[in-house]
Amino acid sequence: MKKSTKIFFLILLILIIGIFIHPQKVIYEANVEGKVIDENNKPVINATVYRIEKEYYINEKIGSNESRDLRTENVKTDKNGNFKFYEKTRIDWFHTPLDLPIGYCYAEFEIEKSGYKFYKTKFGDFEQYRIENCYACEKVLFKPIITLKSLQKNRNKN
């Protein structure tokens with residue numbers, strides 16, 4: 001095949017991808033209903049739980065796209081250690097004419113409580129793929145149980 005023919009097909013492929021796949025901001029309702037307990041499986045009361053989202057920006061100094069974690073919502077755990085988030089979250093989702101029924105959904109949060117070690121989710125801790133009847137991550141539910149480690153126990157070991 002000639003080089004010009006290969007270039008033509010490559011340009012055609014890029015145009016087709018550009019026409020049929022386009023990023024679009026989507027709002028989805030990823031619900032998080034979790035529980036915070038201590039090492040003895042007792043509920044941690046009044047712990048502050050923060051929902052973490054990515055904030056994207058352009059670094060003017062070096063001209064690159066970057067992101068940082070942003071606390072967008074917070075709640076306190078109740079007397080049973082339970083907490084709930086129901087605020088909507090923003091994601092980038094690539095739509096196609098076929099709109100395949102798959103969505104990659106995730107939840108990130110941080111937990112603070114005096115006397116306990118700070119907790120932050122790591123990438124991939126709480127994620128799932130949504131397949132059946134999918135519209136992005138609409139109505140996905142995460143139910144994490146988080147164990148906070150006591151600072152007092154760590155001090156006694158040292």
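Let me begin with Arg-71, which at 38% relative accessibility counts as partly exposed, where partly exposed covers the range between buried, under 20% relative accessible area, and exposed, over 50%, with a 1.4 Å probe and protein chains only. Arg-71 forms a salt bridge with Glu-112, and the closest N and O atoms of the two are 3.3 Å apart, a salt bridge being a side-chain nitrogen of Lys or Arg within 4 Å of a carboxyl oxygen of Asp or Glu. The pair links distant parts of the chain, with Arg-71 in strand E4 and Glu-112 in strand E8 (residues 109-112), 41 residues apart. Glu-112 is likewise partly exposed, with a relative accessible area of 33%.

A word on provenance before I go on. This is a predicted model, in which local features need pLDDT of at least 70 and side-chain atom pairs count only at pLDDT 80 or more, while totals for chains, interfaces and linings use all residues. Residues are numbered from 1 along each chain as its sequence is written, and side-chain values use heavy atoms, with hydrogens and water left out.

The pLDDT, which is the predictor's confidence in each residue on a scale from 0 to 100, averages 76 for the protein, and 63% of the residues score at least 70. Confidence is highest in E9, at 92, and lowest in strand E6 (residues 89-95), at a mean of 54. Where pLDDT is low, the predicted coordinates should not be read in detail.

Returning to the charged residues, the count comes to five salt bridges. One of them joins Lys-120 and Glu-110, whose closest N and O atoms are 3.7 Å apart; Lys-120 lies in strand E9 (residues 119-120) and Glu-110 in strand E8, so this pair ties together parts that are 10 residues apart in sequence. Lys-120 is partly exposed at 29%, whereas Glu-110 is buried, with a relative accessible area of 9%. Asp-69, Arg-71, Glu-110, Glu-112 and Lys-120 are linked in a network of salt bridges.

Another bridge joins Glu-73 to Arg-51, with the closest N and O atoms 3.2 Å apart, and this pair connects strand E4 (residues 64-76) with strand E3 (residues 48-59) across 22 residues. Here Glu-73 is buried at 16%, and Arg-51 is buried at 5%.

E3 and E8 pair in the antiparallel sense over four bridges, and Tyr-50 stands opposite Glu-110 in E8.

Methods: Helices (H or I, at least four residues) and strands (E, at least two) are DSSP runs, numbered from the N terminus. Two strands pair if DSSP finds at least two bridges between them.
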